[in-house]
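Below are some short notes for a reader who is opening this structure for the first time. Please keep the model in view while going through the points.

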Amino acid sequence: MPGGYVGKILDVDLDSGELKDLPLDEEMARMYLGGKGLGLKLIYDEFRADMQPFDPDNLLIFATGPATGEKIPTSGRYHIVCSKSPQTGTVGSGNAGGKWGPYLKFAGYDVVVVRGISREPVYLEIIEGKARLVPAPELWGMTAHSVTDELASRSENPKKTSVACIGPGGENLIPFAGIMNDKYRTAGRTGLGAVMGSKKLKAVVVSGSKRVEPADPELLKEKVAEAMAKIKENPVTGPKGGLHTYGTAVLVNIINESGAYPTRNFQEAYFPDANEQSGETLVEKYLTGRGGCWGCPIVCGRKSDVPDGPFSIRDTEGPEYETIFAFGANCGVKELDALVKANHLCDEFGLDTISMGGTIACAMELVERGLIPEEKLQNMTLRFGDPAAMLEAIWRTAYKAGFGADLALGSKALAEKYGAPECSITVKGMELPAYDPRPIQGIGLNYATANRGGDHVYGYMISPEILGLPEKLDPYAVEDKPKWTIILQDLTSAINSSVVCLFSSFALGLSEYAGMLAAVTGFDLDPDKLLKLGERVTNLERLMNNMYGLDRKEDILPKRLTEEPVPSGPAKGQVSHVPEMINEYYALRGWVDGKPTEEKLKELGIA
Ligand code: SF4
């Protein structure tokens, strides 16, 4: 096997309880690297257009890449995919940090493929190359933190053990439940946790000590030194940079001042109280320390503590920028301590914070418009700006308690149920993240075209349009945005197949990634070839979505964002111009009506 790979896939059949070691195909690794790309290829090889999200044949795949666990900055990551998402109806996909990815590799596998449905709750244990399924009815019902502590305590080496698991959200098949690892890291989007819950798989425990050798250690050392120098001198990723100092919440004031901080379910795009929930305020009031994923020099994680008051929560982590927006401005809530607590609850219950916040915000608008009968709410005061009601809505959702059963539908089905589909701010059924696309044209095009729906990290256009990295683009302009969106989407597909952290791309570009990956694997990689590999991954995912029946008609934004101008704030009057950009995007992609042509698929080696 080339450097950077163990060369082994663990295939777990929960129907029969059989575990098999399969060899990793070298040609497949050359074409798709690992992580997202490799996971998608494995799904494609068993693809069924009539797949249902909770079908036993829905594959759930945990995949590392050749960079994972190597001495490469930000390589503590892995990617999870499933054949069909319960939230979007697309292929499901999510990425997480922590230490689980490297520990899986050190335990002796590149990839774990899970198929079937267990008769009773189980967990999967992979310790030093040996895998087994363990019956675990006693763990069903536990929160993510409790089960993590319990399984770590059963390990001979708790400090070298990592647990990926679901909470009650996944068990209760909430379509936006995530998979948690190391307590605070989440593969949050597209409902991967619900797929895991449907399989009755509570957790995957990994521990091992076998490092994987790179193909050319000397060359890797040289390339890593160059990358580290760039990360250190970069104003975002460096030791005094925004990410380390303030975490991702450094964006709160920046985005609000750009007039793009979604407020009150995207009815507005400026929140006057934003500074009360900013990264700067988090540092001042609740930060107790910083932490990072395995092998990361950036260290963007927050350790936080709310010692007293109605929203007291001790020794927790976070919240990230997206979470602050979702429960903060988007629900009209300004109290930062309540947002720290909301984040903690979602981590315990295993819920995606963006979709949970977006669904509560949608419900708040439905209440404001008088569309939800009082008796349905059972005394919940779901009004914009009410932090206690927002927190109550989270636990009610996780357990489908009372009105929580409606919230557990997600905002799309909720808004349809109460006769106002326009109140769901989603793309392909997934709630939009923390950037109003009306004043940031490229991020809107990215949301509309992202294969997994409302997704900011598919092609993070905020980097050039707001942060000016690698160069500053006018956020209001539409010119060149299709080209930029495509490059960033394909770059991200390559990053998620490597697997390294997207945040490293504030400082690094294709040549640094290609150089490090070539040194690790020995593959003939350069910037163009790596970008082409990313394009292959993007197109393969799109092809499978097309086979599920998705096409141009799903590549749209909610009407609120293309037809209702921003009502106030710095971006007053702006609307998204996605309809004007989409044809150019398709033409540059080699797609017709949202579908890759035969020629494009052949060119990429897919067909
Ligand atoms: S930058 Fe942050 S999220 Fe990314 S690997 Fe480092 S600590 Fe993890």
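1. Aspartate 490 is buried, since its relative accessible area is 3%; buried means under 20% relative accessible area, exposed over 50%, and partly exposed in between, with a 1.4 Å probe and protein chains only. Arginine 589 also counts as buried, at 1% relative accessibility. Arginine 589 and aspartate 490 form a salt bridge, with 3.0 Å between the closest N and O atoms. The pair links distant parts of the chain, 99 residues apart: arginine 589 belongs to helix H24 (residues 578–589) and aspartate 490 to helix H20 (residues 481–498). A salt bridge here is a side-chain nitrogen of Lys or Arg within 4 Å of a carboxyl oxygen of Asp or Glu.

2. On the source: this is a predicted model, in which local features need pLDDT of at least 70 and side-chain atom pairs count only at pLDDT 80 or more, while totals for chains, interfaces and linings use all residues. Residues are numbered from 1 along each chain as its sequence is written, and side-chain values use heavy atoms, leaving out hydrogens and water.

3. The structure holds 42 salt bridges. One of them joins the side chains of arginine 115 and aspartate 11, at 2.9 Å from N to O.

4. Arginine 30 is partly exposed at 39% relative accessible area, and glutamate 26 is partly exposed at 34%.

5. Which residues are buried in H2? They are Gly35, Lys36, Gly37, Leu38, Gly39, Leu40, Lys41, Leu42 and Ile43. Helix H2 (residues 35–44) is thus mostly covered, with nine of its 10 residues buried.

6. For the whole protein, the secondary structure comes to 25 helices and 19 strands; these are DSSP runs numbered from the N terminus, helices being H or I of at least four residues and strands E of at least two. Buried residues make up 65% of the 607 residues. Along the principal axes, the C-alpha trace spans about 60 × 55 × 50 Å.
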